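Open the model in your viewer and keep the selection panel at hand. The tour starts at a pocket and then moves to the sheet.

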Amino acid sequence: MRRFPIPAVSNKKRQKLQKSWSHQRTRERLPHLPALVRAADQHLKDARARLGAIEATPAGTEFTVLGETYRKARTSNWAADPHRTTTAHLQPDGRRTDLKAAENRAF
């Protein structure tokens, strides 16, 4: 049996070290929590504004919200009524976005 120059750390000591590291990470991150909460809240407000704008827009037309211009999709596989779709294409590149799903993720 081969012996190592570093003695094995007991399980109890390992648990204490893990708890200590975890608490230190919490102490380091705690001052940043208010900024994180503000950013998450603003992200949700923006997503709700986009969703409200697309719901008030007829299918196939462009709308602008928060400085971004979108074109509402004409149809959706999920909506029988084309005016109920929440899929939009960001202009000018045409990137497709489901604004209802984005709002759900932001929540």
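**Stop one: the largest pocket**

The largest pocket has a volume of about 150 Å³. This is a predicted model: local features need pLDDT of at least 70, side-chain atom pairs count only at pLDDT 80 or more, and totals for chains, interfaces and linings use all residues. Residues are numbered from 1 along each chain as its sequence is written, and side-chain values use heavy atoms, without hydrogens and water.

A pocket here is an open set of points on a 1 Å grid over the protein atoms alone, where a 1.4 Å probe fits, with protein on both sides within 12 Å along at least five of seven lines; lining residues have an atom within 4 Å of a point. Volume is the space filled by probe spheres set on the points, joined across faces, edges and corners.

Select H43, A47, R50, E68, Y70, L90, R95, T97, L99, A102 and A106: they line this pocket. Two or more lining residues come from each of α2 (33-55), β2 (68-72), β4 (95-98) and α3 (99-106). Helices (H or I, at least four residues) and strands (E, at least two) are DSSP runs, numbered from the N terminus.

**Stop two: the sheet**

Now show the strands. Four of them form an open sheet, ordered β1-β2-β3-β4, with antiparallel pairing; strands pair if DSSP finds at least two bridges between them. β1 (62-65) and β4 stand at the edges with a single partner strand each, so one side of each has no neighbour in the sheet. Select F63: Y70 in β2 stands opposite. Four bridges join β1 to β2.
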